[in-house]
Amino acid sequence: MTKMTLGSYPHMLGFEQLERLLERTAKSSEGYPPFNIEQTAEASYRITLAVAGFAEGDLSITVEDRQLVIRGRQRDDGSERIFLHRGIAARQFQRSFVLADGVEVGEAVMENGLLHVDLTIQRPETVVQTIQIRKG
């Protein structure tokens, strides 16, 4: 059985990068921390991550190669606490979201243990181009 790729379709030129993006996205399927994605207007979205226990200084948000990367690392407070039960894990995480061309990351707000990251889509104007045919 042969694997179907976007290159197998002769009318879809230049979409090889899309196939690589889909493969990269499929690899980042860890479930922590949980998140929501909501459409807040016609051209804007909000990603909300449940980051209870993390302070603003424990989180970093970067855009790397058209990928929104949110990292969390809780700092050890250095105290010698003795836990009788430890059900709240202090673990680090990394969440990645692939961004399409024209998606811009806006502000990030921390509220009640939730990290909100706003995105907007800058839609390009439709361009019609006429190509002149010259004699060979």
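Arginine 91 sits in the loop that joins strand 4 (67–72) to strand 5 (93–98). Helices (H or I, at least four residues) and strands (E, at least two) are DSSP runs, numbered from the N terminus. The model is predicted, so local features need pLDDT of at least 70 and side-chain atom pairs count only at pLDDT 80 or more, while totals for chains, interfaces and linings use all residues. Residues are numbered from 1 along each chain as its sequence is written, and side-chain values use heavy atoms, with hydrogens and water left out.

**Overall make-up**

- The secondary structure of the chain amounts to one helix and seven strands.
- Read from the N terminus, the order of elements is α-β-β-β-β-β-β-β.
- The chain has 136 residues, of which 22% count as buried. Buried means under 20% relative accessible area, exposed means over 50%, and partly exposed lies in between (1.4 Å probe, protein chains only).
- Among contacts (heavy atoms within 4.5 Å) between residues at least 6 apart in sequence, 51% join residues at least 24 apart.

**Arginine 91**

- Arginine 91 has a relative accessible area of 41% and is therefore partly exposed.
- Beyond its neighbours within four places in sequence, arginine 91 is in contact with Tyr32, Phe54 and Gln74.

- In soluble globular proteins, nonpolar side chains tend to be buried together.
- The largest nonpolar core has 16 residues, and Val51, Leu68, Ile70, Phe93 and Leu119 touch the most other members. Strand 2 (44–50), strand 4, strand 5 and strand 7 (114–121) are the elements that give two or more residues to this core. Strand 7 gives the most, with four residues.
- A nonpolar core is a set of buried Ala, Val, Leu, Ile, Met, Phe, Trp, Tyr and Cys residues joined through side-chain atoms within 4.5 Å.
- Leaving aside neighbours within four places in sequence, isoleucine 70 is in contact with Leu49, Ser60, Ile61, Phe93, Gln94, Arg95, Phe97, Leu115 and Val117.

**Aromatic pairs**

- Three aromatic pairs are found in a search of the whole structure. Rings of Phe, Tyr and Trp (its six-membered ring) pair if their centres lie within 6.5 Å; planes under 30 degrees apart count as stacked, over 60 as edge-to-face and the rest as tilted.
- Phenylalanine 35 and phenylalanine 97 make an edge-to-face pair, at 5.2 Å centre to centre with 85° between the planes. Phenylalanine 35 belongs to strand 1 (residues 35–41) and phenylalanine 97 to strand 5, so the pair ties together parts that are 62 residues apart in sequence.
- Phenylalanine 35 is partly exposed because its relative accessibility is 33%, whereas phenylalanine 97 is buried at 10%.
- Phenylalanine 54 and phenylalanine 93 also pair edge-to-face, at 5.3 Å centre to centre and 85° between the planes. Phenylalanine 54 is in the loop between strand 2 and strand 3 (59–64) and phenylalanine 93 is in strand 5, so this pair ties together parts that are 39 residues apart in sequence.
- Phenylalanine 54 and phenylalanine 93 are both buried, and together with Tyr32 they form one aromatic cluster.

**Backbone features**

- A cis peptide bond runs from tyrosine 32 to proline 33, with omega near -10°. Proline 33 is in the loop between helix 1 and strand 1.
- Aspartate 65 lies in the loop between strand 3 and strand 4. Phi of aspartate 65 is near 50°, a positive value in a residue other than glycine, and the residue is exposed at 62% relative accessible area.
- Arginine 66 lies in the loop between strand 3 and strand 4. Arginine 66 has a positive phi of about 60° although it is not a glycine, and its relative accessible area of 28% makes it partly exposed.
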